[in-house]
Amino acid sequence: MGEVLTVNATGADEVETVWQRFIPSARLEHVDPRRVRFRWSSIETGAFSLVQYSLRADVRSSIHLDDQIMACQLVALEARVTTDGRDLAPRQPWLTGDGALRAHWNGTGRIRAFLFDRTSAERVARAVSGEDRLVLRAIDPVARDRALAAQWERSFGYVASALAVGHDQPLVAAELERHALMSTLTAFSTTYLEALDRAAQY
């Protein structure tokens, strides 16, 4: 069964505690404690989490994912997201790579994300691609084009609404997790797509 978590808080410590429950490497490196307002909603189904939250504050944060894969989108009036020295467009969906990722925003940031256990995601990707030794990796953290970015956004909305009512049904939750993973792995340039291309050549 899926586990639903909702949090409303006004303390920086609570923000980091919730973050680290889902992403152990998450760090809140700076926040103005006088301005914090945090609203969190998530559904966790074991190897997959769907997260939506808003955080009002002057924020500087970082994550470095080793055992997880995250596809994310950040909407804020003043925001900056960087990875491996590269600026990303935060309003567009992006996929975490192998390096550290840093985010900074001022005001209210609204974040939504799919978070996958890497081992579980690789098991599915290997079965679909037929490549038994596939290691999932993001080749480019930005979506391959605008149409696929928009498709990922629509997929997120669909999974979020369907999981809200179906998270306690294991078969439904598993199918929604698979949908979220496949929409993510095809929206971005990944080693999964390379494996599919290789398979098509035989």
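What follows is a working chat about the charged residues of a predicted model.

Reader: Before I look at any side chains, what is the mean pLDDT of the chain?
Author: This is a predicted model, and the mean pLDDT of its chain is 91, with 99% of the residues reaching 70 or more.

Reader: And where in the chain is confidence lowest, and where is it highest?
Author: Confidence is lowest in strand S2, residues 27-31, where the mean is 81, and it is highest in helix H3, residues 146-166, where the mean is 96.

Reader: Okay, on to charges: how many salt bridges does a search of the whole structure find?
Author: The search finds seven salt bridges, and one of them joins the side chains of Glu3 and Arg21, with an N to O distance of 2.7 Å.

Reader: Which residue does Glu29 meet in a salt bridge?
Author: The side chain of Glu29 meets that of Arg102, at 2.9 Å from N to O. This pair links distant parts of the chain, since Glu29 sits in strand S2 and Arg102 in strand S9, 73 residues apart. Glu29 is partly exposed, with a relative accessible area of 45%, and Arg102 is partly exposed as well, at 42%.

Reader: What about Asp87, which residue does it form a salt bridge with?
Author: Asp87 forms a salt bridge with Arg80, and their closest N and O atoms are 2.9 Å apart. Asp87 counts as partly exposed, its relative accessibility being 47%.

Reader: Switching to surface patches, which residues gather in the patch of negative charge?
Author: Asp66, Asp67, Asp84 and Asp98 gather there, on the surface.

Reader: Take Asp84 from that list: where is it found, and what is its phi?
Author: Asp84 is found in the loop between strand S6 (78-83) and strand S7 (86-88), and its phi is near 50°, which is a positive value in a residue other than glycine. With a relative accessible area of 65%, Asp84 is exposed.

Reader: And where is the place of Asp98?
Author: Asp98 is in the loop between strand S8 (94-95) and strand S9 (101-117), and at 49% relative accessibility it counts as partly exposed.

Reader: Which residues form the positive surface patch?
Author: Arg35, Arg37, Arg39 and Arg56 form that patch. Among them, Arg35 has its place in the loop between S2 and strand S3 (37-44), and it is partly exposed, with a relative accessible area of 33%.

Definitions and conventions:
Residues are numbered from 1 along each chain as its sequence is written. This is a predicted model: local features need pLDDT of at least 70, side-chain atom pairs count only at pLDDT 80 or more; totals for chains, interfaces and linings use all residues. Side-chain values use heavy atoms; hydrogens and water are left out. Patches are made of residues with over 30% relative accessible area and no salt bridge: like charges are joined within 9 Å, nonpolar side chains (Val, Leu, Ile, Met, Phe, Trp, Tyr) within 5 Å. Accessible areas come from the Shrake-Rupley method with a 1.4 Å probe; for residues, only the protein chains shown count as cover. A salt bridge is a side-chain nitrogen of Lys or Arg within 4 Å of a carboxyl oxygen of Asp or Glu. Lys and Arg count as positive and Asp and Glu as negative; His and the chain ends are not counted. The place of a charge is taken as NZ of Lys, CZ of Arg, CG of Asp or CD of Glu. Helices (H or I, at least four residues) and strands (E, at least two) are DSSP runs, numbered from the N terminus. Buried means under 20% relative accessible area, exposed over 50%, partly exposed in between (1.4 Å probe, protein chains only). pLDDT is the predictor's confidence in each residue, from 0 to 100.
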